[in-house]
Amino acid sequence: MTSGGEALMCPFDFSEGLDFDPSLTALMDRGSITRIRLPYGDADAWLVTGFEAVQRVTTDQRFSRAGIVGSDYPRLTPEPIVSPESINVIDPPHSSRLRHLASQAFTQRQVDGMRGRITRLADNLLAEMAAQGPPVDLVRHLSNPLAQHTIFDLLGLPRDDWAPTQQKLQQLLATGPDNRKTAANAKAELREYFGELVEQRRSSPGKDLISALAAARDGEDVLDDQELAVMALTLTLSGQDTATCQISNISYLLLTRPELMKHIDSRPESLTDVLNELLRVIPFRKGVGIPRVALEDVEMEGVRIREGDFVHVSYLTANRDPERYADPNVIDPDRLPAPHMTFGWGGHRCIAVPLAMAELEVAIGRLLDRFPDLQLAVPPEEVRWDTETIRRFPIELPVTW
């Protein structure tokens, strides 16, 4: 039974296109559980890579996210991204109450009602793109504004607040060692801002997500003001994190793999299945996210994880586990649908998955409808990629038609 050993340094700073991080491949080859050291934090961590093992950690209540609050836990950013009150660091069964209330705003019926607004936003952006004429930057014309405008619009943020809010969100996601104070200030300002919005919507509700979340109830139980403010900030972060990056990443893959474009063109009903296959293989972030801490000794796959040890899971490696997926590194548009971990797993799986999928379906579907002969305006090797944050996405995606 292994209980330690020297930790491997894992900067997880690989950002070459959408190639899979070779250090993650090497960690998978070592086995499902390995001791690692990350750039920030005062302790080592276990990294769990296999699909079944990740499933176990994310559903076993002996591994706690709430237990990391107040600790200098191992991470990739100088300032912890999540707020201590965030649903992302509250454990079941306590988080189950928040998730149940918040999920009422993201039922399929609710999201179907939002789809018209998302489609109008996308069509307006694509019309502006067509009016400008090629070549254009797809990130600037579609990925960034659609994700930002959608979540800001759905939350009911005043238009004048969009740009400064976006600037603070970007500061919160930066990984540079000199960013800690700036990120902490940005988080405090965003918390205060969303707190003020919640107060406004309590007294004067509208047709927006904050108002819908404020109205969500289970009997007499409702979200309090602090819970609602943190929820709005969490949705703003995660909504953009997923949609901005993935619209660009999916577009890049389609533009560099014409056979995938042809597949969708000939079988438009397969769009959702193809999107899920692309979501499975895309390394949407660098390394890892929020860890858990072991509340007692746990034995897994020949490893003893001791009480107090930090445990990270890799959804990226789980999505490429050969015991789960045949030829896991191959993009197969005809692959039989199987759940992937891009949106998380267990008690912390993203509650807004229906909204994220609606955004991706609208963005990619309308893009291909409007520009069926879309192509990259530069060679793939000239596309520039983000190196400043924990995310993986092209900074610019020049296209022509």
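Trainee: Phe51 and Trp345 are both listed as buried. What does that word require?

Mentor: Buried means a relative accessible area under 20%, exposed means over 50%, and partly exposed covers what lies in between (1.4 Å probe, protein chains only). Both Phe51 and Trp345 fall in the buried class. This is a predicted model, in which local features need pLDDT of at least 70 and side-chain atom pairs count only at pLDDT 80 or more, while totals for chains, interfaces and linings use all residues. Residues are numbered from 1 along each chain as its sequence is written, and side-chain values use heavy atoms, leaving out hydrogens and water.

Trainee: How many aromatic pairs are there, and what makes two rings a pair?

Mentor: The count is 6 aromatic pairs. Rings of Phe, Tyr and Trp (its six-membered ring) pair if their centres lie within 6.5 Å; planes under 30 degrees apart are stacked, over 60 edge-to-face, and the rest tilted. Phe51 and Trp345 have centres 5.5 Å apart and planes at 75°, so they are an edge-to-face pair.

Trainee: Which parts of the chain does that pair tie together?

Mentor: Phe51 is in helix α2, and Trp345 is in the loop between α12 (315-318) and α13, so the pair ties together parts that are 294 residues apart in sequence. Helices here are DSSP runs of H or I with at least four residues, strands are E runs of at least two, and both are numbered from the N terminus.

Trainee: Why is the pair of Tyr193 and Phe194 called edge-to-face?

Mentor: The ring centres of Tyr193 and Phe194 are 5.4 Å apart and their planes stand at 70°, so the pair is edge-to-face. Tyr193 and Phe194 are both buried. Separately, Phe51, Tyr325 and Trp345 form one aromatic cluster.

Trainee: How do you know that Asp72 and Arg75 form a salt bridge?

Mentor: A salt bridge needs a side-chain nitrogen of Lys or Arg within 4 Å of a carboxyl oxygen of Asp or Glu. The closest N and O atoms of Asp72 and Arg75 are 2.9 Å apart, so the pair meets that rule. Asp72 has a relative accessible area of 32% and is partly exposed, whereas Arg75, at 3%, is buried.

Trainee: How many salt bridges does the whole structure hold, and which parts does the one between Asp123 and Arg366 tie together?

Mentor: The search finds 23 salt bridges. In the one between Asp123 and Arg366, the closest N and O atoms are 2.9 Å apart. Asp123 lies in helix α4 (residues 108-132) and Arg366 in helix α13 (residues 353-370), so parts 243 residues apart in sequence are tied together. Asp123 is partly exposed at 26%, and Arg366 is partly exposed at 34%.

Trainee: What makes Lys168 and Glu189 a salt bridge?

Mentor: Their N to O distance is 3.8 Å, which is within 4 Å, so the pair counts. Lys168 is in helix α6 (residues 162-173) and Glu189 in helix α7 (residues 180-203), so this pair ties together parts 21 residues apart in sequence. Lys168, at 21%, is partly exposed, and Glu189 is partly exposed at 40%. Elsewhere, salt bridges that share partners join Asp60, Arg62 and Glu296 into one network.

Trainee: In what order do the strands of the open sheet run?

Mentor: The 6 strands run β1-β2-β3-β11-β8-β4, with mixed pairing. The edge strands are β1 (8-9) and β4 (63-64), each pairing on one side only.

Trainee: What makes β3 and β11 a pair of strands?

Mentor: Two strands pair if DSSP finds at least two bridges between them. Strand β3 (residues 45-48) and strand β11 (residues 310-313) have 4 bridges, in the parallel sense, so they pair. Val48 stands opposite Val313 in β11.

Trainee: Why is Arg140 called exposed?

Mentor: Arg140 has a relative accessible area of 53%, which is over 50%, so it is exposed. Arg140 belongs to helix α5 (residues 138-155).
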